[in-house]
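I opened the model and kept notes as I went.

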Amino acid sequence: MPSSPPSSLGLAIDTSFDDTSLAVLSGIWRADHVQDMHLHSHITLSQSHTHQRFGGVVPERAARQHLEVIHPLLEEVMEQAGVEFSALDWIAVTHMPGLVGSLLIGMTVAKTLSYALQIPLLGINHVEAHPYACFLSGTCFVYPILHLIVAGGHTVLILQRDPEEWHSIGRTRDDSAGECADKVARLFGLPMPGGKYVDAAAQAVSELCYIFPKPFLKESHFDFSFSGLKSALQRFVQAHPEAPQDSVLAAFMHSMQVVLLEKTFRAARKYNVQMVTLSGGFGASVTLRNAFRERAAKEGIAFACPTPHFCTDNAAMIGVLGLRHYATGCFETMRLRACPNLPLPSPGFPTGESDVP
Amino acid sequence: MSIIHASCIRRTLIVDTSCPPCLLSLKTEEGIFSETWIPQQHLESTLFEKIITLLAEQDCTPQGIDAILVNPGPGTYMGTRVALALVNTLALLYKTPVICLDGLRLIAHTAPQIKGYICAAICCIRDEIFYQEFYKDADVLTALSPPSGSSLEDFSKFCATVHQTEGAVLFWRAGPQFSEIQERIFASFPFVQAFDFTSGLDFFHKYAGICAERRSPAEKCGSKFVSPFYLKPEL
């Protein structure tokens, strides 16, 4: 009888953008879920208040803040977990995509720990990690599966026919959904990050008063484009300054939701997937989650999304993907480099839609 | 602040990636082993490759290091932060004492003159100079001004005001990419010399002799981890 792989304990670090996040977790990687998953500790320190007055994240400021807080947080997360450094089996760290100065802080800490403790270093693609946050609430993946990732800087559709295969079948050609929502919120003078205010407006308004474009909705491909929608809204607000803010935001959210929903489920039908996931910071939107859940039920497709807390940037999801990398022996050397962009193809996203067999 | 007794320190690591050339040095009972290099890019990779090689060659592990000297800047923001992220992690893991070097004072110390005015300067960020004025008498250095940061243009004007000072010396550390800037600045001083690392005991004494003269801003704030010394705090 084959012996089951042992549970491993790891530390995960994410400093890709403006949150310093660390997590200690353990579990046994299975192809479709994590057995005996235990999140021993998880700390995320947001810098959003320090960037507020700039209307967006200032890269140099973000890097400085990461270095100031990461070591005290590292002490704290280990103390909360009640484990010694010597008990760790691996270190997982985000190395792409993100702000280079910020990535380097987490990567240098991770490399130092890996070298000093003589344990494997696992390089994690932040965008690829988002859907894995579903495992934190005990979800099992059913393959083939389609992931819609609506993270701050990226909107991507990923087809996964089995646990080892990833295909990027669609991505944004300009602004991501979350980025667009933030910019629109800023237009109304709402605080950053603005996605939650747009979502709140959409929930508050029961009847649509305005109609905005739905970019790429009729196109057969699965790419997205939201910058035109943002411009349309901008022009509308200039022409109709009297229009109620909530009604405008609700109409904007509706357009975005229709595009995301229709393209995702069209792809789901085309590739005959068994499950759809929604993840990434904008995936915390109640409006979006409800719409996806409802549509999935109607189409008879399983649906999963991480709890809202784990939709935004967090080290726990980095750790879950770390469990997979550790189990499959996907280790990095000290040559691991920070990469600001999400290259396609990349280790997490090897091909485009045209290459899907 | 903990007091480090010299007799307890057998293996000391020096890390200075604040400005090219970068330096990594290990002092053991057998001698001093150093490496300097000009990082083209990806310091996060090269630093680790070099530290692993250096320690392995001397049969030393990170845990076996008794003290770390680090240059917290002023210097390149990214280079300084990578070094501090590394040494602070070792400090956290093994409670290794970390001592801040004063980069500008180090440069001034290596100036050759015995007595007189010295301007120590670092150029590692495009169009930005970090500098400090000193008076040197034998081996005693007295700071005449706090560390400053200014644009190349303003620094040129400053140089013009001090070049009449008798025996004025500009001692300079810069990455190779700034050679054209050096030529412009150097014209203002009667004696200018570029700072360069030398390996061996003399080098280590220069470093060790001036360490811990300035505590990092973070220490003053009560943090036990070293913070970069930024001359441009407001963005």
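Lining of the largest pocket. I sorted its residues by class and got 15 nonpolar, 21 polar and nine charged. This is a predicted model, and I counted every residue in the lining. Next I looked up the volume, which is about 1300 Å³. I then asked which residues are closest to the centre of this pocket.

Elements around the pocket. I checked which helices and strands of chain A supply at least two lining residues each. The strand is β3 (34-46). The helices are α1 (48-51), α4 (126-129), α5 (177-187) and α6 (195-204).

Sheet. I traced an open sheet of five strands in chain A, ordered β8-β7-β6-β9-β10. Its pairing is mixed. From one strand to the next, the twist averages 20 degrees.

One strand pair. I followed β7 (residues 155-160) of chain A to its neighbour β8(A). The two run antiparallel and share four bridges. I looked up Ile158(A) and found Ser168(A), in β8(A), as its bridge partner.

Confidence. I noted an average pLDDT of 90 for chain A, with 94% of the residues at 70 or above. Where does pLDDT stay under 50? I found this over residues 345-351 of chain A. For that stretch the model has 19 contacts beyond four places in sequence.

Conventions: Residues numbered from 1 in each chain as written. Chains lettered and ligands numbered in written order. Predicted model: local features only at pLDDT ≥ 70, side-chain atom pairs only at ≥ 80, totals over all residues. Heavy atoms only, no water. Pairing = 2+ DSSP bridges. Axes fitted to C-alpha atoms, helices over the stretch in contact; angles between N-to-C directions. pLDDT = per-residue confidence, 0-100. Contact = heavy atoms within 4.5 Å. 1 Å grid on protein atoms, 1.4 Å probe; cavity = no way out; pocket = protein on both sides within 12 Å on 5 of 7 lines; lining within 4 Å. Points joined across faces, edges and corners; volume = space filled by probe spheres on them. Nonpolar A, V, L, I, M, F, W, Y, C, P; charged D, E, K, R; others polar.
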